[in-house]
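Subject: Structure for your files

Hello,

Please read the notes with the model open beside them.

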Amino acid sequence: MRLTLRIWRQRGPEDRGAMATYELDGIAPEMSFLEMLDTLNEELADRGEEPVAFDHDCREGICGACGVVIDGQAHGPEPTTTCQLHMRHFSDGDTIDVEPWRAAAFPVVKDLVVDRSAFDRIIGAGGYVTAPTGSAPEAHSTPVPKDAADTAFEHAECIGCGACVAACPNGSAMLFTSAKVNHLNSLPQGAPERETRVLDMVDQMDTEGFGGCTLAGECATACPKDIPLPSIAAMNREYLRAVRKG
Amino acid sequence: MPDAADHTTQAARADLPPYAQYRVGEPIADTKAPSGPVQEQWDTRRFEAKLVNPANRRKYKVLVVGTGLAGGAAGATLAEQGYHVVQFCYQDSPRRAHSIAAQGGINAAKNYRNDGDSVHRLFYDTVKGGDFRARESNVRRLAQISVEIIDQCVAQGVPFAREYGGLLDTRSFGGVQVSRTFYARGQTGQQLLLGAYQALSRQIAAGAVEMHPRTEMLDLIVVDGRARGIVARDLVTGRIETHLADAVVLATGGYGNVFYLSTNAKNSNATAIWRAHRRGAHFANPCFTQIHPTCIPRSGDHQSKLTLMSESLRNDGRIWVPKQAGDTRPPAEIPEDERDYYLERRYPAFGNLVPRDIASRAAKSVCDEGRGVGPGGQGVYLDFADALARLGRPAVEEKYGNLFEMYQRITAEDPYEVPMRIYPAIHYTMGGLWVDYDLQTTIPGLFAIGEANFSDHGANRLGASALMQGLADGYFVVPATLGDYLARHPHDDVDPDHPAVHEAVGEVTDRLYHLLSNNGDRSPDSFHRELGELLWEDCGMARSEESLRKALERIPELRREFWERIRVPGSGTELNQSLEKANRVSDHLELAELMCLDALHRTESCGGHFRVESQSEGGEAERDDDAFSYAAAWEFTGSGAPPVLHREHLAFEHVHPTQRSYK
């Protein structure tokens, strides 16, 4: 199929950036969106132009590296990561807009690449269980009810791609933060740090410049891993509980 | 032991390409495993290890390259112990290392199922599964540590699958007859990696680990024979940096991407281990590459990578092809008696759960017979109809839901209705930097852990053992052995103006300059694809003297062409992904040559290395223990120059070598 691509080009953080238009032919429906971008980049290089920079790695939908806004939607029209989006969801003759995540806390590095290190700092503020290597008791010494383990797992599936922030009208990181809080706070192993975890992570989230949550729900719609919207409410409960406990 | 050079005598080598006219050097041996009973070796080693006083540890700086299971675990643990850790990853976050994509599970000899498992059985299964090409002492330690890993991960909050009673669930995997694989749905690697990443993040926040994301190691700095630092490139600014330290740990993964199409992440690369090899670290068993039987077949020439589906699917899926070659009917229209469940037929005891190499070759052979299915006949069915009828859809969904979704997303076919199509793909590399029992390479002060080393899986890795080994090395082994090295070798700081530092920086800069200024007419990907196709054809699932000689003729030509015709747009002082690729491909073009040479010299078949000349009448791989019961450690002598072979003789005192049989 033949496509018209309008892609955000920005040389670096200080550059203003602008959309650039490219015509691309010979795209197969079996290609992934990133393979379509690969094809464009090979053509650009052949013409002596600089390829479009974009983050990607595993191309299996699990590392969370890739992610662009496609026609205004984070990761595009399907509920999946950009690498798992296939061109069969587009039609011959389409014009497709491709932009980086847009959020105050995710400055653009180059073209479609953004800096998501704020997420790492939120995890560093409390998204862990303090269990230095060698200190662990026998794994079966604390049974974990299956429903608690399942709840923890569902939240632990977050891949940290940042689509939730990109989709949110406020650029909020509540879904990302709540996923980790709820993963660890649902487990007995996470209980001793339950209060400090939520307080410190939310504090770090605010420090990083993410917006507030107005429960627009766009985050959960964009999430390729189906982190549920009530995750945010659950974190708010954890937060209130921790504040009350002082 | 007989000299394996007998098999490739000097005379026979004379008509080989110059690179293949290698020389046999002194044997090499591990000197670190203590004597005594194998089950006591690790405890003895830890007791004999010299310790660094806790108050002194922060004075030692350790560089850890890579943040996967091995690197993440090592960085976190060394920092917890008090060392000053400086860590690197090329990704934008340490959470994205490719360990994250491992699906199926992690083995541990807990024997929670009471099904006859034990540390000794896991040890036995791993040595046997590796086709008797691994070092017994290392494997025994791995099996012992496996038990502690599960405890550690549970304590970190890794949400393993559990039974209704709240205890951990397990499943079985290829090549074994016990249920010892712990899992977190189809995302075990992700959950274990996040556990290590979170532990690492805690140390980063505490200031104990200085983390450099989007930074790639481009060379090793060796001063007075010891590893003392690295040269790295900041991928955002393009700045070339040197980092000096007391020891260096490489946890940079395997080299499967030399094949271009593999299940590795797109940016996974061999640069760190290859540059270390160029600086003097021996590279062992490069021809031991693993092909995974359950990947999604390729859909066309645009394919940029292959996607694996966990082999845990083989627990409940049945593999078959039509009995008749050229049968193009849709699967549902092929009656039961016209289907060939070839693994169940040929291997009744293990059936669909035979080890990976056997399952892969069997798939290739039925496809070669013209019985493959799907586009180009490069696929076999993996059918869940029986499992769905037996267990019901909810149970199948619970176990494999995310894998089924992924398959459907990629192929637009519903595996609940139509059998999956699968085909083998390059997945893992058992070869890597040669290490001793302490996981130290032939360069003192340089350690290699996880897939980057060669040690534990022999010629074939069992499913769910990569996660086990990565975490064993990172959480438990290297934190114990590195301290011993540091305690025994206190040294002064390296002068940043030392000639060795300048030399390494100079070589890195020259190479990048050449790539950027060459201004040829071919892209890095075009070379990478060409190399990959060549290797898949000539050094892939089946290898022959003829195919390997052909590859060894072609690779140096391709490398010459690369340096003449490579074109890298953009500059070196910014984020330049073409430059990153070109630089990695330049190393693949050297490593590929060593891989083919290793495959040529090893005239036996073993594990993932199948030489067509060495098979039984039934087409099974035949080892040659008299000639090849050794690990081949290759010494670098110059780019394109014949390397020197050092053999590490492998003795089997506990697991007696037999021809593997899974019938």
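The largest nonpolar core holds 284 residues, and the members that touch the most others are Val165(A), Val62(B), Val249(B), Leu250(B), Leu433(B) and Cys596(B). Please keep in mind that this is a predicted model. In general, nonpolar side chains of soluble globular proteins tend to be buried together.

Contact between the chains

Chain A puts 66 residues into the contact and chain B puts in 62. On the chain A side, at least two residues each come from helix 1 (33–46), strand 6 (108–110), helix 2 (117–124), helix 3 (146–156) and helix 5 (174–185). Helix 1 of chain A gives the largest share, six residues. Sorted by class, the side of chain A that touches chain B consists of 31 nonpolar, 18 polar and 17 charged residues.

One residue of chain B to look at here is Val154(B), in helix 5 (residues 136–155) of chain B. Is Val154(B) buried or exposed? Val154(B) has 26 other C-beta atoms within 10 Å, and the cut-off for buried is 20 or more, so Val154(B) counts as buried. Apart from residues up to four places away in sequence, Val154(B) touches Ala136(A), Ala139(A), Gln189(A) and Phe160(B). Val154(B) and Leu192(B), 38 residues apart in sequence, are 9.5 Å apart in space, C-alpha to C-alpha.

Chain A

Chain A has eight helices and seven strands. Its C-alpha atoms fill a box of roughly 60 × 35 × 35 Å along the principal axes. Of its 246 residues, 54% are buried. Among contacts in chain A with a separation of 6 or more, 70% are between residues 24 or more positions apart.

Chain A is divided into domain 1 (3–110) and domain 2 (116–245). The centres of these two domains of chain A, taken over C-alpha atoms, are separated by 29 Å. Their contact takes 18 residues from domain 1 of chain A and 17 residues from domain 2 of chain A. The domain 1 side of that contact has 10 nonpolar, seven polar and one charged residues.

Two aspartates in chain A are worth a look. Asp111(A) sits in the loop between strand 6 and strand 7 (113–114) of chain A. Phi of Asp111(A) is near 45°, a positive value in a residue other than glycine. Asp111(A) is buried, with 27 other C-beta atoms within 10 Å. Asp94(A) lies in the loop between strand 4 (73–74) and strand 5 (95–99) of chain A, and is partly exposed, with 15 other C-beta atoms within 10 Å. Asp94(A) and Arg2(A) are 92 residues apart in sequence but 7.5 Å apart in space, C-alpha to C-alpha.

Chain B

Chain B is divided into domain 1 (54–290 + 429–488) and domain 2 (292–427). The centres of these two domains of chain B, over C-alpha atoms, are 31 Å apart. In their contact, 23 residues of domain 1 of chain B meet 25 residues of domain 2 of chain B. The domain 1 side there has four nonpolar, 16 polar and three charged residues.

Chain B also has an open sheet of three strands in the order 4-6-5, with antiparallel pairing. Strand 4 (106–107) and strand 5 (170–171) of chain B are at the edges with a single partner strand each, so one side of each has no neighbour in the sheet. Strand 5 of chain B is joined to strand 6 (residues 181–182) of chain B by two bridges, and Arg171(B) has Thr181(B) as its bridge partner in strand 6.

Asn111(B) is in the loop between strand 4 and helix 4 (119–129) of chain B. Asn111(B) is not a glycine, yet has a positive phi of about 55°. Asn111(B) is partly exposed, with 18 other C-beta atoms within 10 Å.

Regards

Notes:
Residues numbered from 1 in each chain as written. Chains lettered and ligands numbered in written order. Predicted model: local features only at pLDDT ≥ 70, side-chain atom pairs only at ≥ 80, totals over all residues. Contact = placed C-beta atoms within 7 Å. Helix = DSSP H or I, 4+ residues; strand = E, 2+ residues; numbered from the N terminus. Nonpolar A, V, L, I, M, F, W, Y, C, P; charged D, E, K, R; others polar. Domains from an automatic or database assignment. Pairing = 2+ DSSP bridges. Core = buried A, V, L, I, M, F, W, Y, C linked by C-beta atoms within 7 Å. Buried ≥ 20, exposed ≤ 12 C-beta atoms within 10 Å, placed from the backbone.
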